[in-house]
Amino acid sequence: MPMPRFAVIASVAVAVCAACTAQPVAPDAVPARASFDPALIAKGAQLATIGNCQACHTAEGGRSFAGGRALESPYGTFYTSNITPDPDTGIGRWSEQAFARALREGVDREGRHLYPAFPYEYFTRLTDEDIHALYAYIATREPVRAENRPHELSAPFNSRALVGAWKALYFKPSPFQPDPARDAQWNRGAYLVNGLGHCSACHSPRNSLGAEKKDQLFSGGDAEGWHGPALNARSPAPVPWTADQLFKYLRTGLDDAHAIAAGPMEPVVRNLARAPEEDVRAMAAYLAALAGPPSAERLKKADAALAQAKTVSRANGRGAEVYAGACAACHDRGREAGSGGALPLALGTATTLPTSANLLRIALEGIAPPDGEPGRAMPGFADALTDGQVRDLAAYIRSEFGRASAWTDVDEELKKIREERK
Amino acid sequence: MISLNVNGKTEELDADPATPLLYVLRDQLQLNGAKFGCGLGQCGACTVLVDGRAVFSCVTPVSTLEGRRVTTLEGLGTPEKPGRAQRAFIAEQAAQCGYCIPGMIMQAQALLERTPNPTSAEIRKHMSGNLCRCGTHMRILRAVERAAREP
């Protein structure tokens with residue numbers, strides 16, 4: 001009988017882990033605010049928006065950067081760490097050298113391996129100047145005393161030695177390599193998307209040990225119960241994205257021909273709204289180039305979707321009845337006065353994905369901005385619809401608007417969402 | 001024909017299956033407590049309970065309600081004998097124009113049925129989908145707190 005894969009990895013870990021521990025960096029109080037150039041702090045603040053640092057390192061309703069946000073994964077729950085400059089519970093004793101090493105090599109100040117839930121696989125590409133600015137920004141945040149909550153991981157993933165083995169197998173610290181054959185905007189976009197932006201963390205598939213499948217980069221991935229759609233030529237968007245549309249979406253969270261940002265993408269666009277405009281344009285240009293020019297067949301399908309988006313849906317059956325009564329008032333154009341304010345589902349990517357997860361989450365939980373912030377809202381239907389009605393609705397939407405074969409994961413995803421809501 | 005259980009009474013209705021519950025309540029059953037505000041599930045004026053949970057009746061097709069329990073404002077009490085959420089809203093004089101208040105009361109009722117002693121943060125979060133344009137929010141919050149306190 002073959003050894004289970006994690007057992008192989010665990011034995012490799014034991015064998016090599018002596019070689020992969022790191023030395024601590026001597027504790028050193030972060031410099032006082034006055035020692036940083038305000039322009040450098042401002043640059044760091046803008047970079048931090050692209051890195052989405054605050055979204056992960058802030059618990060719901062918690063103090064900024066004080067950590068404690070739960071990240072669900074197949075290996076258990078990670079709790080993000082306190083990265084405020086509190087000397088005892090945060091990173092107030094981290095020199096810039098220790099900070100840079102964490103970003104580039106995934107090792108904390110004390111020399112312990114960090115789990116790759118912290119995206120150092122991508123941050124390893126950061127330039128010295130950008131790390132310098134990020135350090136200035138983080139070091140000058142308000143210190144918050146908040147003990148880090150230990151991760152709750154299942155064996156064998158709760159072993160830090162295993163992280164060392166994982167890194168030996170899958171992680172190579174490497175700076176960003178510009179492509180001289182491409183223009184400056186593409187290279188800037190590539191640097192931001194693959195470095196600080198760590199887009200691939202959610203938009204690429206991973207193997208059973210959570211490592212990116214390098215031959216399928218940007219082919220779509222899963223994160224926090226959501227599917228991150230493919231961003232390469234396999235993009236499931238009914239209408240191919242242009243660079244301008246990507247820019248608008250990344251900047252505002254909404255593009256009329258595609259989507260409204262939801263789930264883990266919501267804080268990303270909220271942050272990018274505050275990033276430098278030319279940087280977001282560069283990311284959009286890079287992503288548009290990644291997908292490449294659409295084929296003639298894809299454009300024909302896009303025309304059909306755009307035409308369908310202008311019509312009132314007509315179909316019989318239980319799912320169609322639920323759609324007509326619960327969804328159409330907003331999602332169908334021209335059904336009644338005032339209808340059609342929301343995205344026509346013929347253009348929605350959630351209907352064409354390989355999984356029903358995103359559609360079900362939006363239908364059940366709705367879309368809402370964080371407490372106290374303005375933004376677009378869709379009511380959730382978790383309490384209005386029974387499981388049977390949600391199944392009928394999902395089947396109808398998949399065939400009518402997604403124009404694809406039926407989902408096979410609806411029961412499983414539905415059960416997961418209902419459990420979370422209990 | 002569609003069979004609906006509203007405020008404990010069975011009603012047989014002739015309606016298109018996709019008809020929003022709100023229209024049936026107001027136009028066929030003369031239950032005018034739930035209000036038409038936006039018709040898009042954005043304001044909460046039409047809130048009723050389905051199996052004890054708050055739903056927006058303007059975007060709930062009537063066909064989805066067979067075999068389920070619908071409770072409207074009229075089901076909570078009468079002018080002579082108001083229910084506890086209704087009493088609390090009256091005591092706090094939480095209405096200005098009053099249009100949103102039936103939805104607010106139903107939303108509060110849904111909260112109290114599941115969470116008898118909510119914190120003020122829980123109240124705010126739970127009530128956040130219901131809008132009041134007059135601005136009596138502070139009185140509404142006090143009314144919900146009173147309803148929790150005075151069963």
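Predicted model: local features only at pLDDT ≥ 70, side-chain atom pairs only at ≥ 80, totals over all residues.
Local features need pLDDT of at least 70 and side-chain atom pairs count only at pLDDT 80 or more, while totals for chains, interfaces and linings use all residues. Residues are numbered from 1 along each chain as its sequence is written, and chains are lettered from A and ligands numbered from 1 in the order in which they are written.

**View 1. Chain A against chain B.** The contact involves 15 residues of chain A and 21 residues of chain B (C-beta atoms, placed from the backbone, within 7 Å). On the chain A side, helix α14 (residues 318-331) gives the most, seven residues (helices are DSSP runs of H or I, at least four residues, and strands of E, at least two, numbered from the N terminus). That side of chain A has nine nonpolar, three polar and three charged residues (nonpolar: Ala, Val, Leu, Ile, Met, Phe, Trp, Tyr, Cys and Pro; charged: Asp, Glu, Lys and Arg; polar: the others, Gly among them).

**View 2. Helices α10 and α12 of chain A.** The axes of α10 (residues 243-252) and α12 (residues 277-291) come within 8 Å and cross at roughly 130° (axes are lines fitted to C-alpha atoms, for helices over the stretch in contact, with angles from 0 to 180 degrees between N-to-C directions). Residues in the contact include A:F247 of α10(A) and A:M283 of α12(A); by class, ten are nonpolar, none polar and two charged.

**View 3. A sheet in chain A.** Three strands form an open sheet in the order β1-β2-β3, with antiparallel pairing (strands pair if DSSP finds at least two bridges between them). β1 (70-73) and β3 (152-153) are the edge strands of chain A, each pairing on one side only. Strand β2 (residues 76-79) of chain A pairs with β3(A) over two bridges, and A:T77 has A:E152 as its bridge partner in β3(A).

Conventions
Contact = placed C-beta atoms within 7 Å.
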